[in-house]
Amino acid sequence: MKKSTVKILQIVVEVIMLALFIVLFISKRIQLWMILFGGSVLLTTLFGRFYCGWICPIRTVQRPLTWLKKKLHLPSRPGPSFLRRTAVRWGVLAVFVLLLIMVQVRGRQLPVLPALLVLGLLTALIFSESLWHRWLCPYGTILSLPARLSRRHLTIRQEKCISCGQCAKVCPAMAVDVTRPTESEGQKNQKKRTYQISRANCLLCLDCQRVCPTDTIKYDPHHKSDKA
Ligand code: SF4
Ligand code: SF4
């Protein structure tokens with residue numbers, strides 16, 4: 001399928017899912033969204049984090065905001081370093097799970113999902129989207145677990161990669177890891193930097209595939225040598 005067709009398809013799916021989210025919220029049945037999320041968690045073991053890149057309403061509203069910030073030349077800061085820690089990621093998830101348990105035990109209806117949407121939007125407004133996707137989003141943290149086992153994921157075929165770094169530059173989740181050659185390696189083989197996609201952190205948004213000049217990023221079956 002052509003990249004432009006996939007992009008249109010992706011936008012259509014995102015808009016439909018956002019509309020569904022709004023309808024469920026207005027009709028006070030937002031908890032039904034969790035069925036969709038639960039199904040996505042299971043399917044992530046096969047296809048990767050498609051929920052994040054195609055379904056999540058938070059990402060759908062963040063995307064035009066990031067685009068607008070770029071157009072207006074507004075800065076996209078990575079966020080304070082104390083937030084960009086693994087402990088924060090798991091801490092946020094723990095608080096989120098506790099909150100959900102409390103809501104269930106007390107039988108109350110708290111707008112957890114809409115509140116996260118507003119928080120995600122604010123995070124992307126003040127900082128770069130990656131702070132949210134990589135460290136703050138509890139749904140993303142949950143999905144990063146089955147994603148480590150996903151049967152298919154985006155892979156950079158190293159033989160055609162020219163180390164231009166475009167993929168890492170556009171990635172909204174900092175999911176492209178860069179390995180720099182050591183000084184001796186660099187002198188011996190003129191070895192270039194190696195770019196690899198982390199299947200645990202990749203949102204399957206396909207932004208990297210769209211900008212890659214050598215078309216070397218493919219949605220491949222998992223091989224043992226691939227990055228987790
Ligand atoms: S690696 Fe590519 S598909 Fe995955 S989140 Fe980054 S830009 Fe999107
Ligand atoms: S954009 Fe493509 S060619 Fe450039 S570093 Fe990424 S995978 Fe390699």
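Student: How many aromatic pairs does the structure hold?
Tutor: Four. Keep in mind that this is a predicted model.

Student: What's the geometry for Phe37 and Tyr139?
Tutor: Their ring centres are 4.9 Å apart and the planes sit at 75°, which is over 60, so the pair is edge-to-face. It links distant parts of the chain: Phe37 is in helix α2 (residues 33-47) and Tyr139 in helix α8 (residues 138-147), 102 residues apart.

Student: And how are Phe96 and Tyr139 arranged?
Tutor: They form an edge-to-face pair too, with 5.1 Å from centre to centre and 70° between the planes. Phe96 comes from helix α5 (residues 86-106), 43 residues away from Tyr139 in helix α8.

Student: Is Tyr139 buried or exposed?
Tutor: Buried, because its relative accessibility is 4%, under the 20% cut-off. Phe96 is buried as well, at 6%, and so is Phe37.

Student: Which residues make up the aromatic cluster?
Tutor: Phe37, Tyr51, Phe96 and Tyr139 form one cluster.

Student: OK, switching to the largest nonpolar core. How many residues has it got?
Tutor: It has 45, and those with the most contacts inside it are Trp33, Leu154, Ile156, Ile197 and Ile217. Helix α3 (residues 50-55) gives the most to this core, with five residues.

Student: Which domains does the core draw on?
Tutor: Domain 1 (3-147) and domain 2 (152-221), with at least three residues from each.

Student: What does Leu154 touch, leaving aside its neighbours within four places in sequence?
Tutor: Its contacts include Ile197, Leu204, Leu206, Ile217 and Tyr219.

How values were computed. Residues numbered from 1 in each chain as written. Chains lettered and ligands numbered in written order. Predicted model: local features only at pLDDT ≥ 70, side-chain atom pairs only at ≥ 80, totals over all residues. Heavy atoms only, no water. Core = buried A, V, L, I, M, F, W, Y, C linked by side-chain atoms within 4.5 Å. Buried < 20%, exposed > 50% of the residue type's maximum accessible area, 1.4 Å probe, protein only. Helix = DSSP H or I, 4+ residues; strand = E, 2+ residues; numbered from the N terminus. Domains from an automatic or database assignment. Contact = heavy atoms within 4.5 Å. Phe/Tyr/Trp six-rings, centres within 6.5 Å; stacked < 30°, edge-to-face > 60°.
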